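Subject: Structure handover

Hello,

Here is the structure for you to take over. My notes on it follow directly below.

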Amino acid sequence: MLSQYADLCAAHEDALVLFQVGDFYEAFCEAAETVARVCEVTLTERTDSTGEYPMAGIPIDNAAPYLDALLDAGYRVALGDQVEDAEQASGLVDRAVTEVITPGTVVEDDLLESGTTNYVAALASGSAEGTTSHDEPDPTLGLAAVDVSTGECLVTAGDPDTVIGELDRVAPAELIVGPDAAAFAPSDAAGNWERHEYDPEAFDRRAARDRLEPYVPAPERRFEHDAELRAAGAVLAYAEYTQGDDGPLEYVSRVRRYDPRDGLRLDAAAQRSLELFENRGLGASDTLLDVLDETNCALGRRRLERWLRRPLVDADAIRSRHDAVGELADRTLAREGIADALSTAYDLERLIGRVSRGRADARDLRSLHATLDVVPELKATLSKAATDAMDTAGESGNSLPRTDHLTNLRDRLDELAEIRELIDDAIAADPPQEITEGGVIRDGFDRDLDELRATEREGREWVAELEASERERTGIDSLSVGHTQVHGYYIEVTDANLDRVPDDYHRRQTLKNSERYYTPELKEREEEILGAAERADALEYELFVEVRDRVAEETERIQALADALADLDVLSSLAAVAVANDYVRPEVTEDPDAGIRIEGGRHPVVERTEDAFVPNDADLPRGSVAVITGPNMSGKSTYMRQVALAVVLAQTGSFVPAQAARLPVLSRLFTRVGASDDIAGGQSTFMREMSELTEILHDAGPDSLVLLDEVGRGTATTDGRAIARAAAEFVHDELGATTLFATHYHELTDLAAERERAFNLHFSATREDGDVTFLHRVVRGASSSSYGVEVAELAGVPAPVVDRSRELVAVDEGESDSAAGGSAVDGDDADSTDADSHDDDAPGDVDDALGVDDAPDVDDASLREFLTEETEGDERADPSLTDASGGGSSAGDSPESTADIPPDIATILRDLDLARTTPMEALNTLSDLQDRLAHDD
Ligand code: ADP
Ligand code: MG
């Protein structure tokens, strides 16, 4: 047995082999230790002729939790099942791996989350090693993904950036990489997938082509690029391997090629920061998917997620979905009828997957039947909705039928009447789980089966009457007839009556106070009953498999039906959400110059937890840059996200949380959240922040929406501010992307004055009942540069401190005023461009702060930098600010600016112990120094 085990292990090197021994899956030796540890089961010893070795097992009929644990721990598990009847085997029972369970290829319902898609993906490069004629390696990557439980298969190709972005979006559970694609595949950047290299031969172009042939006729013509061909071939090779290597998976019948540009592109960072599918916060707030999910079956839940991961970019297709949602939103009764019907639907995609893999049991067929059963009702409901709509349209003089989408959907609802009837006629209403032990096929379905059952029944009836007739014949009143598993039927007579036992009784068994007998006739009947029962079970199994195969022949039709049901579920879910949350249909425009206009917009997730969510407008001309300022917690991030979410929702086909909205069709959405706002951040968050910023600066364009939230925060103020400023300018000047830029660098508000399409927005705060209150209302114009002080005052910081802070800010601004000709004011309702317009020819604050100005300004610059650093509480490592003893070491900090300072002044500055200087003293000292400098001049 151990050598058989070793053979299976050798053939499945990358997996942990579990070996069926009776009712258990056992692992031996090293694998046993793993199983014992991960599954927390006992490690035992087994002894045989070859010696002693460790062994650990899990029960087969309750394997799911253990398999789950192994998958979670990163193992792939090969199930070595007994493939021969143990009773009939001579010697060792034959075993074979029937399935390899991996995170991306599980098909067991127990191990899969319902309502989610579980993909395994493959990544391949275009060029076969050494076959390219170019010096440059072919930069095209191919990506293919299969959901083995449903048979869905997606294939795409493109440049590495695009394809890696797609990978984020597909979010597979498992990724296999080809030999020369490994360099491109992030080991686990954003995704949670398990990544490993797979047999390079599977990625070979020829092998991939041959593998694909049964799925896609003439694959080399269907796939434009070798990379696609290789990825698709490899992922199917892997899927087949995990399903026991029985050849092509028939139910993978829809291999779909797509172009990533056919959808609104949301990279992993955007998906994450918009909290579409996962929330980043520590508090368990909902995701957008949670808010939208009013679906009624697993098909719909999976489809909703798919739609949300790939919003549309075709205006007509978007409007068509809006039509359907609007229609269903208006027709409450129809919508509720649809919801009721769908809530009894089972997961048709997975059911048909099991049917076609030959793994479905009788209960699965019954579930399939129950699902088919709702179709006629749905069709009727939809037809009615359509006619009603036509009538209304007629009355209102609106000749446009609004229901194209739903009519089309209705036509896609295939009733599959013959399959439904077949299952209903053939399969028992409440069948057992086992399909080999009878009770599966209905009476009346098959004449032979009915006859066998009749024989069995008559035999049993004869036995049931035997007791009475034998009592009468023998006169033994205590005589009884019974049955045991081992001995079969018997007639039992107590010892007291043994003398009255007739001659035709044959002794079968002796008990303590009685004897058991059989008669030749009883024996004959018994054999008849057993034979009939056994043959009936076998026949039932045969009939069942016939029915299942017949159903499997309709795999494609059933998949198409599943598709339609999924769409219908999502559309009615979106309608229900729109009605419940008061969403509005957005007007979608193809005008390439149209910007984003939202009236009374809300954040779909935040509004659910915030009692009094304050709606806000957004008017963002195409290519404009809105610089958003305001205190912490005032609502900047929420506002930006709600604008982005409106775009995502609209292009998904949903209505949007607003009073009115007019939206362009955008092709890409980027978000970048500054490091310290990124709760999930690790050590090199600033590095990540910058590399994600790089992506935006490379790829964003006029059809993009860009959200920059506190960019530059992850580093020292001067650097951060400079980067933020430069990025904003670049986005405005070079990319033309519509941009929302929330920043705590107040200096950025100058951008409005300097750039045509830049403008300021801000949030402010007030005091109410002694508490600081944020109004959460966005207003045009820049916020006051000292909003921090205002908030401090609102929060109750003592008046002297507040006043003193004001003075310090005034000094700061005085400096900027003299240098820059005035700074932004709190511009409630003021036209920001006007307010800021006199800044035009002045050197920017950023320049000042960086100390790159000419000599006369140097002191102002370093002074202001000092003040700025202090007021903003930046923890820049300046020892003189923190170390009471050490002025000395900081002298060399800014060599360029101190170079021109007279030595005596430098000495005073160096010796100034900041830790013991009050702001007032410091200011006096500085004022003295300034005087001295003036004299020196
Ligand atoms: P900021 O980015 O300015 O620091 P956030 O956008 O993170 O602020 O908002 C802080 C909190 O304020 C949110 O968590 C939310 O609870 C609340 N909030 C934000 N916008 C609104 C709004 N429009 N109406 C009501 N509450 C809001
Ligand atoms: Mg924020």
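Arg 331 is buried, with a relative accessible area of 19%; buried means under 20% relative accessible area, exposed means over 50%, and partly exposed is in between, with a 1.4 Å probe and protein chains only. This residue sits in the loop between helix 12 (315-330) and helix 13 (332-342). Helices here are DSSP runs of H or I with at least four residues, strands are runs of E with at least two, and both are numbered from the N terminus. The side chain of Arg 331 makes a polar contact of 2.7 Å with the side chain of Glu 327. A polar contact is a pair of N or O atoms within 3.5 Å; within protein, one must be able to donate a hydrogen and the other to accept it, and residues adjacent in sequence count only if both atoms are side-chain atoms. Arg 331 and Ala 575 are 244 residues apart in sequence, but their C-alpha atoms are 9.5 Å apart in space.

Some background on the numbers. This is a predicted model, in which local features need pLDDT of at least 70 and side-chain atom pairs count only at pLDDT 80 or more, while totals for chains, interfaces and linings use all residues. Residues are numbered from 1 along each chain as its sequence is written, chains are lettered from A and ligands numbered from 1 in the order in which they are written, and side-chain values use heavy atoms, with hydrogens and water left out.

The chain as a whole

The chain has 35 helices and 29 strands. Of its 937 residues, 52% count as buried. The chain exposes about 42,300 Å², and carbon and sulfur atoms supply 46% of that; accessible areas come from the Shrake-Rupley method with a 1.4 Å probe, and for residues only the protein chains shown count as cover. Among contacts in the chain with a separation of 6 or more, 68% are between residues 24 or more positions apart, where contact means heavy atoms within 4.5 Å.

Ligand 1

There are 13 residues around ligand 1, of which Glu 610, Val 614, Met 633, Ser 637 and Thr 638 come nearest. A residue is counted as near if one of its heavy atoms lies within 4 Å. By class, this shell has five nonpolar, six polar and two charged residues; Ala, Val, Leu, Ile, Met, Phe, Trp, Tyr, Cys and Pro count as nonpolar, Asp, Glu, Lys and Arg as charged, and the others, Gly among them, as polar.

A polar side-chain atom of Glu 610 lies 2.6 Å from an oxygen atom of ligand 1, and an N or O atom in the side chain of Ser 637 is 2.7 Å from an oxygen atom of the ligand. Gly 635 contributes a backbone N or O atom, 3.0 Å from an oxygen atom of ligand 1. Taken alone, ligand 1 exposes 560 Å², and the protein buries 83% of that.

Helix 14 (residues 348-357) is mostly covered, with ten of its ten residues buried. These buried residues pack against strand 12 (254-257), helix 11 (298-309), helix 15 (362-372), helix 20 (520-553) and helix 21 (555-581). Just after helix 14, Gly 358 takes a positive phi of about 75°.

Helix 25 (residues 717-735) has 19 residues and reaches 25 Å from its first C-alpha to its last, close to the 27 Å expected at 1.5 Å a residue; the expected span is 1.5 Å times one less than the number of residues. Its buried residues include Thr 717, Arg 721, Ala 728 and Leu 735.

Single residues

Ala 218 has a positive phi of about 50° although it is not a glycine. Ala 218 lies in the loop between helix 6 (205-212) and helix 7 (219-222) and is buried, at 18% relative accessible area. Leu 416 also has a positive phi, near 45°, and is a residue other than glycine. Leu 416 is in the loop between helix 17 (404-412) and helix 18 (417-426) and counts as buried at 1% relative accessibility.

Asp 425 is in helix 18 and is partly exposed, with a relative accessible area of 46%. Leaving aside neighbours within four places in sequence, Asp 425 is in contact with Arg 442 and Phe 445.

Regards
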